[in-house]
Amino acid sequence: MIQFKIAIRNLIRHKRRTSLTALLIVMGVVLVLLFTGFSKSFKQLIIGQITDSMIGHLQIHKKGYVSSIDNLPLTMNLMDKQVEKIESILTGYPEIEAVSHRIKLGGMLSNFEETTNIRLNAIFPEKEILTCPGLSDRLLTKGAKFQIQPGEIIIPKNLARGMQLKEESTVVIVANNKDGSVNGMTFKVVGILDDLMGPGGRDGFMHYEDALDLLRMDNREVGEIIIKLHDFKTLESVQERLSTEISTLLNQKNQPVYELHDWAQLSPFSTIADMVDLLVITVKIVLISIVLISILNVMIMAVYERVSEIGTLMAMGTRPRKILNMFLMEGFLLGLVSTIAGIILSTGIMFVLRTQQIQFSFGRMKNLSLEPTVSIEEILMVAFTVIGISLLAALQPAIKSSRLEPVDALRHV
Amino acid sequence: MSLIQIEKVKKVFSETETPVTALDNISISIDKGSFISFIGPSGSGKTTLLNIIGALDKPSAGRIIFNNIELSTLNRVAAADFRAEHIGFIFQNFNLLPVLTVYENVEYPLLMTRNTSASERRHLVENVLDAVGMKTQMGKFPNQISGGQKQRVAIARALITNPELVLADEPTANLDHESAFKVIQLMHEMRSKFGTTFVFSTHDPKIVKEVDILHKLEDGKLIGTDNQGGVAA
């Protein structure tokens, strides 16, 4: 107890030095927690946008489809029975909120004056809106619902602008069938979609029934099966179980029929997300360095200034272990108080920022709103790291002080 | 009755290029309850001898027996425990801990030695502070009291555990004449009251006059002992 009292009073004794060191640690903690909060919020926001607006959380394809996806191969669609098999498997996953089916196809879009290439998703709109509820938000007409009837088409903004198309315009889509023949159909434009970063971000949409007619398909075929989960946190466990289950489904050549991908494997944003994680780690390393160096500096000074006092304590029968504990306690208290102050300050700042609703744009995504938050686990991790590093930094000076010879310490001026 | 036996103690400092012999073959016996002093010029070995007697340092040769304990055999922890239990120190520069109050400075040795209750500690500390005339100042910090008062507190701190031996290294060197006289009188009183053995190192003629036995040191050698027949314990 007396060591605790001495430690606290020695910290207070050098108010300016203690305050500056504590301030440095507080700033470090605030920096880490704010950066973590912002980066987590940013990642969640962008991932949410990507998954809710196009990709979904998981996708199932025929084996090899994703590696050839740039060709939009109709020959690699899943056949009706294969789709049925997957549907029956998916019913065993209560974590799944919605499932939708798409045929992805390439075609020529004509406004009767000009023609250009277009990538299209043939969908069941009522299912699609359940797996990708963000699609309505991408419609340029404010408040419009994402709906398509047979004979209607929704086209991406870049093509609409280039081809001078508006809602109610009539267009022709010409597409190659599986057997190589060509077919064309007219459509009415019922919506224009804003662009989105990543795959499918500049695709158009048509009704599934129209795709069967356009591509002259007799039976149901599906290019990709989109899965949305109730809770994003269950992604890893669902993916693991589902992947294991579908990998057991083999074709006649004893090879897997299906492949399963999560959003990260399908979107380039996962690389950006990884870089953000790397940045967070870098900021944490900076924090650790700040704490380590500042506390080490303070404790080295503290020992140097108090050699004579250490000698007096030793003369009065203080054991070396107690001297060690006294200096460790100083480092610990400095780290603890600074961490608590840093946590209070950063959570306060985050609360204010959340109420202010900071708007920003990322790529073509406009008016995104950041809501920085950090989990209790993250706060505890930062707290334990800072306090642990504080103790570590105090250890060397503390050991040095406890190993002083009393007679040498008393002689020190 | 002998409290300390100093037998052929030698101390050589060999950190420098030329080793320095600080103590050379010193043999003395110190009786319990005596009031003795080592005198001699600077560098004569007074402080070194006090440090060795107080288990703060070890001799290069010879041995010190304190109540059947051979001090040179003690390791760091055992030496700390020994000092806490048996020795009180009074320093030339008082060496009070600046972050502790007068009360806490005096209480500190008790916390290192005994498992006494807070109320018992308070009783002991107040008694000894009362004995040195510092009870009214016990809430003050060392920087709020005078040099003479600091030395009184240092004496109280040295006596709080009721040690068998108090070692005082130049205790009056930083005090004015009046304060020095009062401090010596106080130590006399303490010796009479508690039966404590006092060993000084000093240049101060005021102390020299007051001690029972005077050991003269020069260049690390004991060159004479003067039994002045002072106040017996």
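Leaving aside its neighbours within four places in sequence, with which residues is Phe205(A) in contact? In this predicted model, where local features need pLDDT of at least 70, side-chain atom pairs count only at pLDDT 80 or more and totals for chains, interfaces and linings use all residues, side-chain values use heavy atoms, with hydrogens and water left out. Residues are numbered from 1 along each chain as its sequence is written, while chains are lettered from A and ligands numbered from 1 in the order in which they are written.

With those sequence neighbours set aside, Phe205(A) is in contact (heavy atoms within 4.5 Å) with Met54(A), Leu120(A), Asn121(A), Ile123(A), Glu128(A), Leu135(A), Phe146(A), Ile148(A), Glu152(A), Ile153(A), Ile154(A) and Leu193(A). A nonpolar core is taken as a set of buried Ala, Val, Leu, Ile, Met, Phe, Trp, Tyr and Cys residues joined through side-chain atoms within 4.5 Å, where buried means under 20% relative accessible area, exposed over 50% and partly exposed in between, with a 1.4 Å probe and protein chains only. The largest such core has 73 residues, and those touching the most other members are Ile60(A), Ile103(A), Leu105(A), Phe146(A), Phe205(A) and Leu242(A). Helix H2 (residues 15-55) of chain A supplies the largest share of this core, six residues; helices (H or I, at least four residues) and strands (E, at least two) are DSSP runs numbered from the N terminus. At least three residues of this core come from each of domain 1 (2-49 + 271-411) and domain 2 (64-256) of chain A, the bounds being those of an automatic or database domain assignment. A second, separate core of 51 residues includes Val283(A), Val382(A), Val386(A) and Ala409(A).

Taken over C-alpha atoms, the centres of domain 1 and domain 2 of chain A are separated by 51 Å. Val174(A), in strand E6 (residues 170-176) of chain A, and Val386(A) are 212 residues apart in sequence and 63 Å apart in space, C-alpha to C-alpha. Val174(A) counts as partly exposed because its relative accessibility is 30%. Apart from neighbours within four places in sequence, Val174(A) is in contact with Gly107(A), Met108(A), Val182(A), Asn183(A) and Gly184(A).

Helix H11 of chain A is mostly covered, with eight of its nine residues buried, among them Val307(A), Glu309(A), Ile310(A) and Leu313(A). H11(A) is followed by Gly317(A), whose phi is positive, near 95 degrees.
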